[in-house]
Amino acid sequence: MSAVGRRTFLKAVGAAGAAGWLGACSSDDDSGGGASTSGPLSGSATFTTWANDQEAAAFKKLAADFKAARGADIKIEVLPYDQIRTVVDRRLQANEAPDLFRVSYTDVGSYAENGALADLSDHFGDSFGDAFLPALWSAVQSDGKPFGVPHHTDTSALVYNKAHFAKAGITSVPSSLDQAWTWEQFTDVLRKLKAANPGVSPFAFNYQLFGAYRWFNTLYQAGGTLLDDALENPALDSAQTRKALEFTRSLYTEGLHAPSVLVKRPTYPDEIFPTQKISMIQAGDFLIPSLDAAIKDKFEWGVTYLMRDAGAATDLGGNAVVVTDGAKNLDVAAEFAKFLVTKENMQAFCERTTVLPVRKDLADAKLAYAARPDLMPVFQQQATTMPEGLVKAATSRAFAGINQALVDTMDQYLSNPSAGTDDTVRALTDGVQKALKA
Amino acid sequence: MAGRRAEAWAGVVLTSPALLVFTVFMFVPIALTFWYSLHRYSGFGRMRWLGLENYRTIADDPTFWTALRNTAVFTAVSVPLSIALGLGAALLLNRWMPARGLLRALVYVPVVISGVAAGVIFLRLFDPVTGIGNQLLTQAGLPEINWQGNGAAAMVSVIAVTTWQGIGFGMVVYLAGLQGIPREIYEAAAVDGAAGWRRFRRITWPLLAPTTFFLVVYSIITSFQVFDVVYVLTRGGPGTSTTFLVQYAYDQGFNQRRQGYAAAIGMILYVIVLALTIVQWRLRQRRDASL
Amino acid sequence: MTRIRVALAVAGVLVLMFPIYWMLRVSVAGTDELSTLPVALWPREWHLENFVEPWRQYPFLRWLGNSVVIAVVSVVATVGINLCAGYAFAKLRFPGRDLLFLLIISTLMVPIQVIMVPQFQLVIDLNLLDSLGGVILPRLAEAFGLFMARQFFLSIPDELLEAARCDGAGHLRTFRSVVLPLSGPLIAVLVIFTFMWRWNEFVWPLIVLTDSDSYTLPVGLQFLIQQFGSNFGPLLAMSFLSILPMLVVFAVFQRYFVEGIARTGIR
């Protein structure tokens with residue numbers, strides 16, 4: 001817990017004092033983030049998003065509520081996650097972009113930089129941003145101008161199969177952050193799982209494609225850092241990076257990690273976990289509803305804290321909603337964006353889709369999560385271990401390129417026991433350097 | 001003289017639709033691709049002039065060279081393989097046998113399947129955990145293969161799918177070629193006592209040379225353009241082990257928003273394929289001349 | 001001897017057909033059945049609803065319709081263009097003929113991914129984004145079909161054409177009344193190839209069609225891969241349905257196929 005504890009995250013998101021994200025006092029001040037305008041609107045706007053069933057339903061409900069409250073139609077368009085970026089890009093090129101779209105925090109910067117997004121300063125007013133956790137509010141800004149709203153955040157923890165654990169004689173799992181497994185203990189658990197469950201992979205990481213950055217959990221657990229303090233240069237050339245790389249690969253070479261689950265292919269461990277071919281996965285909280293639906297009564301499953309080494313660490317995920325520069329109905333689009341993040345609506349969305357809110361006045365609230373509410377506290381606790389440096393890097397405009405460097409580099413290392421760790425560190429450093437300069 | 005003019009006029013009329021579509025949708029885009037390759041362009045936003053910078057970057061881009069090598073390996077293996085198997089199938093199914101028509105049609109079926117559907121089918125075969133491929137291997141007492149985690153295995157899986165889809169085409173073209181060999185030549189050979197392998201070596205193979213030439217050229221062109229199967233099956237991974245030049249260009253242009261760079265890769269690819277075709281054509285001409 | 005050939009041929013065909021069989025077998029499977037190893041070679045349960053259920057959730061019928069319209073319009077237009085141009089390049093003398101033909105043939109070597117960026121911009125400028133026209137028009141420039149058509153017409157004896165012309169027929173009428181009636185096998189080959197290419201095309205429609213209602217089958221299938229995740233039964237069922245029309249077209253025209261190819265001189 002030393003290097004990257006709760007405090008650093010609190011500092012990173014900038015929440016005031018000891019209250020912080022999870023303990024922030026509720027704000028009754030309606031001027032920040034509230035629906036400051038409420039007059040009737042006309043016309044319609046298109047909102048393009050990817051969504052699982054729960055998210056799609058939640059967005060549709062919000063669109064219906066918006067129609068009832070304000071009179072404007074919102075067309076919700078759902079695209080596959082893997083393709084949404086390409087499709088939105090194509091439409092931007094053709095000046096046929098949707099009015100709003102959902103985007104990860106890491107991608108806002110590059111859209112804004114290319115002039116694709118609308119400056120919403122006039123629609124939001126000065127104090128609008130005060131309602132949100134500062135790190136995420138800054139993630140939707142570029143050059144001091146807001147281009148959208150932070151919608152939610154999510155993070156990873158360990159999801160495990162209770163039956164497989166019982167078979168391996170593992171009767172208890174860490175029940176608090178302080179008791180989280182060390183890497184040694186974790187590896188030990190995996191070895192036991194492997195011995196007790198033949199034909200089953202003990203573990204898999206969730207660092208596929210756009211989620212490649214989740215490998216940084218391991219890096220920061222080892223005490224490594226991605227960038228220097230100024231966020232200008234890679235800081236990967238360290239013993240900690242080597243240790244993190246070697247630890248990750250050792251899981252593959254020892255047969256403790258599902259061999260087909262790598263970085264570049266869309267083979268997602270959460271799709272395999274319900275088939276009981278993997279005993280434990282690192283997984284995001286937003287997957288709880290779909291896991292719950294896929295597993296049903298087939299087996300019991302639970303959640304525990306991520307392993308730690310020099311310290312604990314988890315990733316900052318989550319998404320924003322932005323308004324495009326070419327929006328045909330800018331007023332409706334901006335108002336809908338604001339509508340999405342009112343206190344009630346953000347709460348409803350988070351509860352339904354098991355993600356974490358990004359409003360200060362919800363940080364303290366007890367949310368009634370729709371699926372497996374028993375599991376969410378672990379994620380909420382785990383979220384306090386997001387390292388400050390990682391949060392800053394993840395909301396910088398270079399992060400998409402940094403993520404790509406991982407996608408291009410990691411598989412060769414992980415799937416090849418004789419690939420050199422130094423070469424990989426060098427390749428990662430080069431890739432990150434390129435992304436920072438681009 | 002009037003006849004000449006009428007003929008030229010008819011030629012212009014009949015070719016004008018083709019010329020129109022080729023000009024608008026091929027020649028102009030090719031020229032524009034070159035123009036883009038001299039710029040930095042994200043697809044939206046402004047274009048920035050770079051001169052030959054993209055080409056210089058390519059020279060130092062290790063992924064480009066990996067993709068080029070992968071493309072070469074893939075072509076060198078899959079083209080001969082599908083042509084040889086296609087020839088085998090044609091020889092087998094050329095003469096009468098029961099249900100010959102049905103068998104021919106079945107061999108051809110994989111050809112008509114879309115790359116996406118083929119990718120989906122083979123995803124199920126090559127799934128390392130629940131795939132039937134590894135299940136059959138295990139049942140036969142062989143070790144499982146990590147089709148998607150191991151670079152070489154992933155390349156094998158891509159080659160397997162493209163060969164599976166390529167055999168039928170080779171067969172049909174060779175069948176057509178075999179039809180063109182006059183019966184009398186074989187009869188004359190039979191008098192000379194040539195049969196089996198000798199007859200194939202001495203008569204069939206040389207007479208099929210133009211067919212083979214066509215197939216080689218055609219297959220090389222298509223194998224440099226293979227995309228759909230890879231897109232569905234491996235995404236070019238693990239790492240970059242099944243990333244071919246077209247994947248790389250597509251990825252750079254549409255995922256990384258480096259359309260200028262993608263265009264530069266495309267121009268290089270175009271030059272390579274063009275050069276390969278010219279070389280083969282020259283070789284053929286020289287051989288024809290020496291016959 | 002014939003027996004060995006038959007045995008070899010049947011064995012080979014069985015190997016080639018196994019992936020198809022497996023597609024059909026998986027297409028009737030439930031999720032649980034596929035995740036319980038080993039998977040039985042013959043289905044234990046028949047989840048025929050896999051073939052029906054996705055139709056309710058996804059606009060499969062629209063995708064099918066889009067694919068049919070694109071393929072049919074493309075086939076008619078492409079075959080028409082290639083017949084005319086192929087004949088002209090083979091049999092008529094006009095200025096710039098050989099150079100033009102070479103230029104056209106050299107486009108065979110252009111991977112479409114390479115010129116997609118400017119082609120796409122063009123489609124936008126012509127206001128064809130997300131329309132079937134945007135998919136069809138750029139693909140009418142089909143050099144391979146044109147090449148085959150020219151080869152075919154080269155094999156028609158000049159005497160035949162001259163005879164028609166002596167009867168006073170003009171070039172265009174000769175083409176229509178003498179050449180076209182002879183072109184059956186060529187047309188069969190062009191129809192099969194063009195239909196196959198357009199039906200199976202993936203990247204271009206993926207880029208041009210941005211609305212899920214205007215997808216074609218391969219693009220829709222890619223969409224389903226992500227939506228179904230590990231639920232392979234319906235995915236493979238839809239894969240099979242997507243290739244079925246192509247199989248029908250092939251079955252209808254395949255009688256002319258070998259002969260057509262033989263006569264187009266691509267051997």
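# Helices and chain contacts in a predicted model

Student: How many helices and strands does chain A have?
Tutor: This is a predicted model, in which local features need pLDDT of at least 70, side-chain atom pairs count only at pLDDT 80 or more, and totals for chains, interfaces and linings use all residues. Residues are numbered from 1 along each chain as its sequence is written, while chains are lettered from A and ligands numbered from 1 in the order in which they are written. Helices (H or I, at least four residues) and strands (E, at least two) are DSSP runs, numbered from the N terminus. On that basis, chain A has 20 helices and 11 strands.

Student: Why is chain A described as being as compact as a globular protein of its length?
Tutor: The radius of gyration is taken over C-alpha atoms, and the globule rule is 2.2 Å times the number of residues to the power 0.38. For 438 residues the rule gives 22 Å, so chain A is as compact as a globular protein of that length, its own radius of gyration being close to this at 21 Å.

Student: What percentage of the residues in chain A are buried?
Tutor: A residue is buried if 20 or more other C-beta atoms, placed from the backbone, lie within 10 Å of its own, exposed if 12 or fewer, and partly exposed in between. Of the 438 residues in chain A, the buried share is 58%.

Student: At what angle do the axes of H5(A) and H19(A) cross?
Tutor: Axes are lines fitted to C-alpha atoms, for helices over the stretch in contact, and angles run from 0 to 180 degrees between N-to-C directions. The axes of H5 (residues 105-113) and H19 (residues 399-414) of chain A come within 8 Å and cross at roughly 120°.

Student: Which residues make that contact?
Tutor: Two residues are in contact if their C-beta atoms, placed from the backbone, lie within 7 Å. A:Thr106, A:Asp107 and A:Ser110 come from H5(A), and from H19(A) come A:Phe399, A:Ala400 and A:Asn403.

Student: Which helix gives the largest share of the side of chain B that touches chain C?
Tutor: In this pairing, 77 residues of chain B are in contact with 77 residues of chain C. The largest share of the chain B side, 21 residues, comes from helix H1 (residues 2-36) of chain B.

Student: Which helix gives the most to the side of chain C that touches chain A?
Tutor: Here 10 residues of chain C are in contact with 12 residues of chain A. With three residues, the most on the chain C side comes from H13(C).

Student: What span should H13(C) have?
Tutor: The expected span of a helix is 1.5 Å times one less than its number of residues. Helix H13 (residues 217-228) of chain C has 12 residues, and its end C-alpha atoms are 15 Å apart, which agrees with the span it should have, 16 Å.

Student: How many residues of H8(C) are buried?
Tutor: Helix H8 (residues 143-154) of chain C has 12 residues. Its buried residues include C:Leu146, C:Phe147 and C:Arg150. H8(C) is mostly covered, and the number of its 12 residues that are buried is nine.

Student: Is C:Trp204 buried or exposed?
Tutor: C:Trp204 lies in helix H12 (residues 203-208) of chain C. Leaving aside neighbours within four places in sequence, C:Trp204 is in contact with C:Ile112, C:Val135 and C:Arg139. Because C:Trp204 has 21 C-beta neighbours inside 10 Å, it counts as buried.
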